[in-house]
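Q: Got a model open here. Can you walk me through some side-chain details?

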Amino acid sequence: MGDEGARGTNGPAERGPWPDHAPPGRVPPTPPPGPPPREAVTVPLPTAPPPGEPGGSRRRALSAAALNLSGLGVGYLYLRQWRRFAVGLGGVLVLVAFAVGTEAPGGAVVWAPLFLLCAAVMVADAWRLGGTGPDPRPVRAPPVAAGVLLVIVALGYFWYSGLPEREMGRADRAHVAGDCESAVPHYERAVSPRHALAFHSLREVSALGVNSCEVMLRAEASAARGANGEAADGYRSYVDLHDGRPPWAGAGDRLVELRAAHADDLTAGVREAAESVGGADDFDAQSVVEAFDARVALRGEHPGTAEAVAVPEGLDELYDATTPALGSEDHCAAVAQLRAVVLLPGLTELPDEWVEGDADRLADRAREPLPATLRDCAIDRYGDGDLPDALGRLSELVSDFPDSGPAGNAPDTLEGFRSDLADSLDGEAACGLFDDLEALVALPRALSGDGFTRVSDRATGSLGEAWFECGLAAHGSDDPDTAREHLERLLDEQPDHSRAGRAEEILIAIEIDRIAGGDTNELPPPAVSGSGPAGSVIVTIINDSDERLEVLYTGPRTGRTSVPAASSGGQCLAQQGKPTVTLTLTPGKYQVVARTSGDGGFVSPYHGEWDLRAGTAYGDCYYIGFLSP
């Protein structure tokens with residue numbers, strides 16, 4: 001050994017101030033007294049295999065790998081690889097967040113292998129890292145921890161994967177109870193993106209639940225604001241979405257209830273319209289048909305329900321709602337309302353087995369009061385001054401209800417109209433009655449029966465009287481054109497009318513006034529040729545011209561006469577054998593016009609005033625002379 005002395009396995013011993021060994025042959029001196037020597041404390045080291053021993057590294061690697069099977073990177077904590085733990089766990093969390101954010105496109109086929117791959121990478125990495133160095137932990141702790149973690153992860157995923165089904169169960173229970181307001185959030189949560197990694201197949205079921213519930217909720221919102229028809233349509237759609245078997249069993253009853261309420265609304269609408277159109281001669285029959293169809297469809301589509309049983313009663317209410325004017329003084333409005341009911345059988349398109357004859361029943365009920373109502377409406381229209389409409393009502397009465405009592409009395413009704421008009425034919429008032437009287441002439445001729453013919457004949461006479469009265473009033477008002485128009489129409493169309501002679505006299509006076517106001521020659525009074533009958537005047541006119549001579553006169557008497565043309569015109573030098581006319585007139589002053597009425601229209605008429613005295617005979621001869629240029 002060297003100078004430093006020998007070392008034991010427990011470290012070097014303390015050295016004193018003297019040498020370790022005395023020289024040979026000498027006894028070392030006894031050391032001086034001092035503190036007692038200290039004993040060395042031995043601390044045993046852990047017994048572990050030396051570095052690199054195969055058994056220790058395999059347990060370490062297996063423990064780390066097993067702990068990383070959970071996918072949480074716990075094996076890195078075991079190896080004290082803090083950075084790797086953060087990266088591993090963070091990567092898994094990022095992958096989970098990405099899967100949730102994108103709703104795991106591709107499903108379990110894509111994402112399950114991806115998560116398994118991540119776990120496999122962490123297991124392999126932990127195995128590699130744990131393969132060196134002794135295991136500083138108890139042998140059994142890491143496998144137990146790994147097993148516990150796997151169980152926790154598996155149970156956690158099992159709980160997580162059941163969340164969508166549990167939400168769907170809550171939604172279905174609420175839906176079945178009719179509580180769609182609560183069901184919709186559960187349906188939506190069942191397919192929330194946070195449940196994407198449950199890889200459920202509930203999207204279509206959830207979409208159907210949400211859609212049908214929203215339809216129901218909209219329908220109830222419509223019902224809340226009084227739109228029962230819209231609400232009924234919504235419930236019909238709700239039932240159809242589930243092929244007639246909706247989750248809420250009360251949907252069918254609610255649908256029938258809403259349809260009945262809609263039918264009530266339509267009936268109320270008909271009543272409001274009928275009450276607000278007083279005096280109207282037209283009514284929207286289609287609204288009545290719509291209300292009728294809505295009521296009858298309850299019986300056809302929901303037989304056996306209380307609403308179906310109440311259909312006849314509801315239709316009677318519809319009749320009353322349609323005909324509020326019946327029995328009132330508003331007869332024309334009642335006609336329009338009754339006619340809308342009469343049209344029901346031809347307008348409804350519902351199957352006969354649904355209608356069950358109710359349309360015909362209501363129509364027959366409306367036909368019963370309709371003839372008398374038509375007659376009363378005609379009388380009302382005449383009273384309002386609308387004779388054409390009154391005649392139209394009577395025509396409809398006779399055509400549609402020929403065997404009714406009011407139709408049999410129609411000629412008397414028409415005669416009443418005519419008689420009333422005839423009483424109004426006085427002066428200018430007659431000028432406004434032409435159209436009415438012409439209608440009274442025309443309508444009865446279109447209807448069969450002697451009574452109508454007599455009315456037409458009387459109306460024809462009244463029309464002639466109207467032309468005369470209007471022409472006479474125009475003549476008195478110095479309106480010769482209007483007077484001539486109506487008086488000539490009377491003579492043209494009714495030459496045998498009792499007023500025809502007087503009308504002709506007025507036309508002669510109008511013509512004389514017209515000629516007198518124009519460019520005329522002076523017509524001297526006739527010469528006295530002798531005496532005549534007492535109280536009368538004799539006037540003889542001789543025509544010695546080759547033109548036919550026309551003489552117009554008006555005064556105490558009015559008329560016209562003509563004298564044929566002479567065979568050869570002369571100058572009245574020989575009057576024997578010439579064409580002659582003799583007039584017997586009432587004495588008095590006359591306006592007289594003499595004019596040619598043949599082709600000699602170039603001869604200016606002659607006009608003069610004659611004062612004819614009683615008991616006197618007058619005579620004169622006329623010829624046509626030509627002035628020298």
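Q: Where do Y235 and Y238 lie?
A: Both lie in helix α9 (residues 228–241), three residues apart, about one turn of the helix. Helices are DSSP runs of H or I with at least four residues, strands are E runs of at least two, numbered from the N terminus. This is a predicted model: local features need pLDDT of at least 70, side-chain atom pairs pLDDT 80 or more, while totals for chains, interfaces and linings use all residues. Residues are numbered from 1 along each chain as its sequence is written, and side-chain values use heavy atoms, without hydrogens and water.

Q: Buried or exposed, those two tyrosines?
A: Y235 and Y238 are both buried. Buried means under 20% relative accessible area, exposed over 50%, partly exposed in between (1.4 Å probe, protein chains only). Y235 is at 1%.

Q: And what about Y235 and W248, how are the rings set?
A: Their centres are 6.3 Å apart and the planes at 50°, so the pair is tilted. Rings of Phe, Tyr and Trp (its six-membered ring) pair with centres within 6.5 Å; planes under 30 degrees apart are stacked, over 60 edge-to-face, the rest tilted. W248 sits in the loop between α9 and α10 (251–276), 13 residues from Y235.

Q: Which residues make up the ring cluster?
A: Ring pairs link Y235, Y238 and W248.

Q: New topic. How many residues of strand β2 are buried?
A: Zero of the five in β2 (residues 527–531).

Q: What does β2 pair with?
A: Strand β9 (residues 616–622), antiparallel, over four bridges. Pairing takes at least two DSSP bridges between two strands. G530 has A617 in β9 as its bridge partner.
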